[in-house]
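Please look over the chain shown here before reading the notes on its sheet and its domains.

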Amino acid sequence: MPEATHFIGNQWVAPAKSPAISPIAVLDPSDGQPFSRIARGDAEDIDRAVKAARAAFEGDWGRLAAAERGRLLYALANTLARHHEELAQIEARDTGKPLKQARADAAAIVRYFEFYAGAADKLHGETIPYQQGFTVFTVREPHGVTGHIIPWNYPLQIFGRSVAAALATGNACVVKPAEDACLSLLRVAELSLEAGLPPGALNIVTGYGAEAGAALARHPGIDHISFTGSPATGTLISQMAAENHTPVTLELGGKSPQIIFADADMQAVLPVVVNAIVQNAGQTCSAGSRLLVQRDAYESVLAHLAEAFAALRVGPSQDDLDLGPLISARQQQRVWDFLSEAQHDGVAVMSQGEVVGSAPESGFYQAPTLLRDVPESHRLAREEVFGPVLAAMPFTDEAHAVRLANGTPYGLAAGVWTCDGARQMRLARSIRAGQVFINNYGAGGGVELPFGGMKHSGHGREKGFEALYGFTTLKTVAIRHG
């Protein structure tokens, strides 16, 4: 694929204002150095992509039978699977994540396209009993042209869960990936040619959020927007989309609790708790960033976690250690600001991992950090750090645990660890979160499991069969026949 170009209508095209607008440098988070360039798109480029998608929806792509769409998505899944290691290597360098995580992400996008390929011809309407002389039924139809604003933390995975579902239901897609990490998605676009997707079904415009992203959100030719990112940006996206009454699915992060009762199986708990905050260097919307432990077990749990944190190693993506760098200097500074505020306020650091000596000083590294006795009103207990920082606090009883769990503006995910079956059910119902995991966390990614939040964590659902409903609109047909 040519450097610094967009993918529009199955062709690589230069930005509309090229060469007047300089490309955007792509930095390797492991050393902070540029290694590629992407196009800086704007409203004109977005408009070209939307027109290409509209032509596809009203043309060859929109006329395909659902089963045929499924076959094309299977072809794309198989093509991505053949290029698994290549995609993982691109993802690792572009995002800084360890190779093992990038390989898992490259496997996940294949699974998304397989799942939605199989679901393409299985989305059914219903018949509705009505008055004598009427036959009434519903059909689910694609919105038309859908816009997808993809974040930098999991480009392959979030592209898969969003775009695969949209394509399966017959939409044509315009994608604006994050400028910090989008090279793997441009390669996916190139592989879509090999798989046989018709022109305009998939279009990718790169650029800054304030330019290309904003233009996509407020474009009158977009029929639905899917956005994953921060609550502040989600609010702006919603306001822009509202200008055209465009529906929006928002996944806006979280401050997810891990709730550990004294009767929990601690051997099972501790490795999961560590992984839930250090995966992708803590840059995960559903990271288990709050640790709530029943008072009787608090000191013992923290002592074991302190040992685990001290053993963690951070280094370049190719070293494939426990953690890689953060995505950018900006994100690194954000984490530093949180930790500096904690130090100023007397919040104790109980344990930290180690940035290995081979890590370049110019990289964006942060040692995983365990903080204890974080006050429930403190910023660290309420706001998303988006880094490998775990805030621990004790609770006394079940009611106290629920109050703490629900005591943030977020409601994306929660983990509950207890052997008491009745308590498991009570907490599952009491916690305000889109996903509640009992004696596990994340369920291994779960392509099949509907995912989304409550409160400031957003609205709408992606993943699983539920996502297909979000990418379609329901039509009711009433026939009077006497």
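The briefing below covers the annotation, the sheet and the contact between domains.

This is a predicted model, in which local features need pLDDT of at least 70 and side-chain atom pairs count only at pLDDT 80 or more, while totals for chains, interfaces and linings use all residues. Residues are numbered from 1 along each chain as its sequence is written, and side-chain values use heavy atoms, with hydrogens and water left out.

**Annotation**
- An unreviewed UniProt entry places "domain: Aldehyde dehydrogenase" at residues 22-477, although such annotations may be inferred rather than shown by experiment.

**Sheet**
- An open sheet of mixed pairing has 7 strands in the order S15-S17-S18-S13-S12-S19-S20, where strands are DSSP E runs of at least two residues and helices are H or I runs of at least four, and two strands pair if DSSP finds at least two bridges between them.
- Its edge strands, each pairing on one side only, are S15 (348-352) and S20 (435-438).
- Strand S12 (residues 257-260) pairs with strand S13 (residues 290-294) in the parallel sense over 4 bridges, and proline 257 stands opposite arginine 290 in S13.

**Domains**
- The domain assignment, which is automatic or taken from a database, gives domain 1 (6-252 + 459-478) and domain 2 (257-445), whose C-alpha centres lie 31 Å apart.
- The contact (heavy atoms within 4.5 Å) takes 28 residues from domain 1 and 29 residues from domain 2.
- Across this interface the rule finds 2 salt bridges, each defined by a side-chain nitrogen of Lys or Arg within 4 Å of a carboxyl oxygen of Asp or Glu.
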